[in-house]
Amino acid sequence: MIGLCAISCSESTSPSMDSCSPSMMNLPGGISVIPFSAHQSYSQPVFVLGRALFYEGNLSGDASVSCASCHKQAFGFSDAGNIVSKGVASESGMRNAPTLINSAFQASFFMDGRSATLERQIEDALRSPNEMYATDSIVKKAVINSSRLSQLWKQAFGEQEITLGGVSMAIGVFTRMIVSGSTPHDAFLAGNQSALNQREQRGKLLFDGKAHCVKCHGGPHLSDGLFHSTGLHTHYYDKGRYYVTKSDADIGTFKTPTLRNIALTHPYMHDGSLPTLRSVIEHYNAGGKQFINKSSDIIPLNLTKEEMDDLEAYLHAFTDSSLIRNACLSKP
Ligand code: HEC
Ligand code: HEC
């Protein structure tokens, strides 16, 4: 399916864009449909417009930054290599850009969960001074000044006025199509015993057992969608979920990220403070640092070096190599 798409989806307006429809995307086992916004269901022209806008630098205040500047397909739609991402005028935010994979299935957005819908989150990213610093008039100008975008807008929305809200809806449809469900891990769960080698299978047993990663990183998206502190620091400069709830018990807690494509999205944690997967495993193996709100599930694991190697190998089995090459999701 993906192979077909890789050949036929390269031209944004060709009728073969049909092979980029939601039913052609690979979903994780047990999930049969991609949820779309109640305000904007899937339509082919809106998807094509959203894809163009996702890659469009002129939507930002100084025409320098697009969504793809910080959410790069080759790195699982994260900003690999950058500890915190640079937005307009090289303004840095304080967090490491997370992957966008399987966002459609999330109950809340941002690492502190401050946004309840994906489209709301996207509107925030567009307006934020640390990210794109856009306004209604900037996005309107960007669309009107480009004959290609004007045409795509007409095909998607007819005579409807060009607004930042409409742009967010279209980018939302594109973002919801970034789904991953075909990894060696998924193939193994589906019954293909040879999809994981011996080392990866031992890693899976540790993930589900002795290292109990599955307690928070379980289910089809490898995340419980809840907020925990992993004892990353003894003092949290970024207070995380506390900003939303104002409850002391939430200081230093963050939404559990998905582990899909985790091998591609270094550095790790909300502040990018752990450079490699190995350093993340060592952090958990030590049981994190002393911190008042640390989850009771973060305890010393006593993994041997051999076991840490196995666990690390299994984390690589979450890489979806078809997704990062899927032309439906590439720059048009
Ligand atoms: C300057 C870099 C930058 C740009 C540009 C940017 N983002 Fe982000 N994005 C981030 C960072 C950093 C976070 C995490 C912020 C947080 O949790 O507070 C994030 C979070 C997100 C999330 C939430 C993911 C989750 O798991 O909760 C989504 C969805 C998202 N961005 C989509 C977009 C879209 C769509 C665009 C374009 C309109 C965009 N971003 C532009 C850096 C960026
Ligand atoms: C108590 C719940 C919990 C457990 C158990 C847990 N994690 Fe996490 N994990 C989280 C949370 C929450 C974060 C985000 C923390 C932050 O950003 O400060 C995270 C972050 C990560 C990250 C970085 C993700 C990214 O995108 O930066 C990796 C990798 C990871 N965990 C792997 C593991 C492994 C491997 C195990 C088992 C050894 C494990 N986790 C056990 C909750 C948990």
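The chain is divided into domain 1 (37-179) and domain 2 (184-316), with bounds that come from an automatic or database domain assignment. This is a predicted model, in which local features need pLDDT of at least 70 and side-chain atom pairs count only at pLDDT 80 or more, whereas totals for chains, interfaces and linings use all residues. Residues are numbered from 1 along each chain as its sequence is written, and chains are lettered from A and ligands numbered from 1 in the order in which they are written.

The C-alpha centres of the two domains lie 28 Å apart, and 21 residues of domain 1 are in contact with 21 residues of domain 2, contact being counted when C-beta atoms, placed from the backbone, lie within 7 Å.

The table gives residue classes, where Ala, Val, Leu, Ile, Met, Phe, Trp, Tyr, Cys and Pro count as nonpolar, Asp, Glu, Lys and Arg as charged, and the others, Gly among them, as polar.

| Site | Nonpolar | Polar | Charged |
|---|---|---|---|
| Shell around ligand 2 | 15 residues | eight residues | two residues |

Around ligand 2 there are 25 residues, the closest being Cys213, Cys216, Tyr268, His270 and Ser295, where a residue is near if its C-beta atom, placed from the backbone, lies within 6 Å. Helix α11 (residues 277-285) supplies the largest share of this shell, three residues; helices are DSSP runs (H or I, at least four residues), numbered from the N terminus.

In helices α5 and α6, Ala142, Val143 and Ile144 of α5 meet Leu149, Ser150 and Trp153 of α6.

Notes: Contact = placed C-beta atoms within 7 Å. Helix = DSSP H or I, 4+ residues; strand = E, 2+ residues; numbered from the N terminus.
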